[in-house]
Structure formats: structure tokens, C-alpha cells
Amino acid sequence: MQHDAKASCLKRLGRIEGQVRGLARMVEEDRYCIDLVTQISAVRAALRRLEEEVLRDHVAHCVEHAIAAGNKTDQRRKVAELMDVIERAAR
């Protein structure tokens, strides 16, 4: 993972961690269910953005490197991995 992407992902993860801790407090405080669901949706959206950032870095670094190296087997493997993970994320 590139240095800038790593720093950004770690920052995002810190925010997500805070959101999850906030959810735990909300459960402990018996907060209204709809408020909990709203916050859960916010955490899921934040995780999706993190996932997108990691995938973007993967394409920009790992996949691009495989293409530049010219190794057809490695290129096919990287593209297959990418398609598999995109398929899993879509579920």
C-alpha cells in the first residue's frame, strides 16, 4: 500500500473505530432503535469508502505494476483477484 493511501486508511479506520464505540454506548444507553440503525448505516458507508480507497490503491499500485511488468500470468491473476473482490463486495 502506498504511504499516502496507508495514512488515509488509518485515519478513516480511527474515525470508524470511534463510530463503533459510539454505537456501543448507544446500545448501553438503550437509545432509540432507529437512531442505532441510522448510525449503523453511517458505519457501513464509512467502511465502503475505506474499501473503495484500498481498491483504488490496489489498482493504482499492484495491478498497474503487473501490467507494466508485462507478465501475462501475473496480469491475469491480478485482474481475477480484483474481479473476485468486487463481486464479493457487491453482495
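Which residues make up the largest nonpolar core?

## Basis of the model

This is a predicted model, in which local features need pLDDT of at least 70 and side-chain atom pairs count only at pLDDT 80 or more, while totals for chains, interfaces and linings use all residues. Residues are numbered from 1 along each chain as its sequence is written, and side-chain values use heavy atoms, with hydrogens and water left out.

## The nonpolar core

The largest nonpolar core consists of eight residues, namely Cys9, Ile16, Leu23, Met26, Leu36, Val43, Ala46 and Leu50. Two or more of these residues come from each of helix 1 (3-28) and helix 2 (33-69). Such a core is a set of buried Ala, Val, Leu, Ile, Met, Phe, Trp, Tyr and Cys residues joined through side-chain atoms within 4.5 Å, where buried means under 20% relative accessible area, exposed over 50% and partly exposed in between (1.4 Å probe, protein chains only).

Leaving aside neighbours within four places in sequence, Cys9 is in contact (heavy atoms within 4.5 Å) with Met1, Leu50, Glu53 and Val54.

## Helix 2 against helix 3

The axes of helix 2 and helix 3 (residues 72-90) come within 9 Å and cross at roughly 165 degrees, which makes the two helices roughly antiparallel, a term for angles over 145 degrees. The contact draws on residues of helix 2 including Leu55, His58 and Val59, and on residues of helix 3 including Lys78, Leu82 and Val85.

## The loop residue Asp30

Asp30 lies in the loop between helix 1 and helix 2, and its phi is near 55 degrees, a positive value in a residue other than glycine. Asp30 is exposed, with a relative accessible area of 67%.

Technical notes
Helix = DSSP H or I, 4+ residues; strand = E, 2+ residues; numbered from the N terminus. Axes fitted to C-alpha atoms, helices over the stretch in contact; angles between N-to-C directions. Parallel < 35°, antiparallel > 145°, perpendicular 65-115°, else oblique.
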